[in-house]
Amino acid sequence: MRFRVGDSASYTQTISEANVAMFIGAVGDTNPLHVDAEYAKRSRFGERIAQGILVAGLISTCIGTKLPGVGAIYLGQNLKFLKPTKLGDTITATVTVQAIREDKPILTLKTICTNQRGERVIEGEATVLYEEEA
């Protein structure tokens, strides 16, 4: 079998000003928590934070490039946002195989994003269709 329960892969990226700007350009999320330093300074976070879905996108990168890899298609994802990600934080997205369907090429993956301090910022579960080997 190609995959086993417990198989895991990770992808790491530092969240930059450019990442936030490109995400805004792609989806239009101009919430002042993400773009206005003065507004964000007065918020519960005390500074600008990255969009949660931008950070969760690192899970998609891990799924599409590492495990299960090329040809993978999301069927579902649930997420819990546990802590904010600040600009400059280095995030590691990790996916771990929890279950493998016997009848179809479908994996259930535990998904976790942690920052450089080892704190979980996002956790959830994904269901993914993968390409079967020829």
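Guide: This predicted model holds zero disulfides. Start with Cys-62. Cys-62 is in no disulfide. Its nearest cysteine sulfur belongs to Cys-113 and lies 8.9 Å away. Now turn to Cys-113. Cys-113 is in no disulfide either, and the nearest cysteine sulfur to it is that of Cys-62. In general, a disulfide is a covalent bond between the sulfur atoms of two cysteines.

Are these two residues buried or exposed? Cys-62 has 0% relative accessibility, so it counts as buried. Cys-113 is buried too, with a relative accessible area of 0%. Across the protein chain, 37% of the 134 residues count as buried.

Next, the surroundings. The protein chain has four helices and five strands. Along the sequence they run β-α-α-α-α-β-β-β-β. The C-alpha trace spans about 55 × 30 × 20 Å along its principal axes. Take the contacts with a separation of 6 or more: 65% of them join residues 24 or more positions apart.

The protein chain exposes about 7400 Å², and carbon and sulfur atoms supply 50% of that. Ile-73, Leu-75 and Leu-129 make a nonpolar surface patch of about 250 Å². Ile-73 sits in strand E2, residues 73-81. With a relative accessible area of 46%, Ile-73 is partly exposed. Cys-62, by contrast, is buried.

Definitions and conventions: Residues numbered from 1 in each chain as written. Predicted model: local features only at pLDDT ≥ 70, side-chain atom pairs only at ≥ 80, totals over all residues. Heavy atoms only, no water. Patch = residues over 30% accessible without salt bridge, like charges linked within 9 Å, V, L, I, M, F, W, Y side chains within 5 Å. Areas by Shrake-Rupley, 256 points an atom, 1.4 Å probe, with all protein chains shown as cover. Salt bridge = Lys/Arg side-chain N within 4 Å of Asp/Glu carboxyl O. Helix = DSSP H or I, 4+ residues; strand = E, 2+ residues; numbered from the N terminus. Buried < 20%, exposed > 50% of the residue type's maximum accessible area, 1.4 Å probe, protein only. Disulfide = S-S within 2.5 Å. Contact = heavy atoms within 4.5 Å.
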